[in-house]
Amino acid sequence: MESEIRVRIADDLLMFLPAARREPLRRVPWDGTSTLGHVVESLGVPLPEVGRLTVRGEPAGASVRPAAGDEVRVDAVPRPQPVPLEPGQEAPRFLLDVHLGTLARRMRLLGLDTAYHNDMDDPALVVQANAERRVLLTQDRGLLRRRALWFGAYVRGSRPDDQLRDLLDRFAPVLSPWTRCTACNGVLLPVDKQEIERDLEAGTRRSYDVYGRCADCGQVYWRGAHGDHLEKIVEEATRRVEAARTGTVRAEPAVSE
Ligand SMILES: [Zn+2]
């Protein structure tokens, strides 16, 4: 009798395997008690990254115990990946771990509801993500292994540009650019230019259009010459989401580590 199972891992998940054993077909000793979820995690793949699981070609849940000799297939989450939304909610809400501050500001620029604190420990992150139904974004695999977490995602890429692309490809969220405070995530309210004009420097007054003031922290936002960099981010993100929706996103290779 065979005393192992064969686990076939999707290409998109190979990055989670130790570099020396990054092969799509792994043989794992069968112990009769481990569930599929446990087997997958023991190989290094966080469960929130796993989409469909099959055993001998049949769909199976993570709590199923494979039999000796079984062949298991582990797919990555589909892209775009659906996130449960509440009635009236247009896009998923997010919570980012302490290392993703730049990504957080870019997501807010795009109007995504993005909570971020630079001083929050793992248990507190899980509590907030669950309480506010926010997708927890992180590059900490340990955090994604926490059973209590309702919805997590590993962010691929080390540069904020790559991380943002990964996020947009993965969730293809509805964007509302220029509607959120990049500093605190507050909602921007329309503001009369005259009202705040005296606080602006002369150069700013001449060449910028004020577009909003943060309802929470009072920060005033305007668009203009120096906003070109941000305009580019918004344009590229909008195109990226469109491509993710229409399934043309794979034209560019995914980021790998
Ligand atoms: Zn603010």
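The structure is a predicted model, in which local features need pLDDT of at least 70, side-chain atom pairs count only at pLDDT 80 or more, and totals for chains, interfaces and linings use all residues. Residues are numbered from 1 along each chain as its sequence is written.

**Overall form**

The chain contains eight helices and twelve strands; these are DSSP runs numbered from the N terminus, helices being H or I of at least four residues and strands E of at least two. Its C-alpha trace spans about 80 × 35 × 35 Å along the principal axes. Of its 257 residues, 30% count as buried, that is, with 20 or more other C-beta atoms within 10 Å of their own, the C-beta atoms being placed from the backbone. Among contacts between residues at least 6 apart in sequence, 60% join residues at least 24 apart; a contact requires C-beta atoms, placed from the backbone, to lie within 7 Å.

An unreviewed UniProt entry places the feature "domain: Ubiquitin Mut7-C" at residues 4-75; such annotations may be inferred rather than shown by experiment, and their positions follow the numbering used here, with feature names shortened. Over residues 4-75 the chain is 10% helix and 33% strand, with the end C-alpha atoms 20 Å apart.

**The parallel sheet**

Strands of a sheet pair through backbone hydrogen bonds, either parallel or antiparallel.

The pairings of strand 6 (residues 93-96) are listed below.

| Partner of strand 6 | Residues | Bridges |
|---|---|---|
| Strand 8 | 134-138 | four |
| Strand 7 | 114-116 | three |

Towards strand 8, Phe94 stands opposite Val135 and Leu96 opposite Leu137. In strand 7, Ala115 is the bridge partner of Leu95. The chain crosses from strand 6 through helix 2 (residues 101-109) to strand 7 in a right-handed β-α-β crossover: with the strands pointing away from the viewer, the path from the first strand over the helix to the second runs clockwise.

**Helices on the sheet**

Key. Pairing = 2+ DSSP bridges. Buried ≥ 20, exposed ≤ 12 C-beta atoms within 10 Å, placed from the backbone. Contact = placed C-beta atoms within 7 Å.
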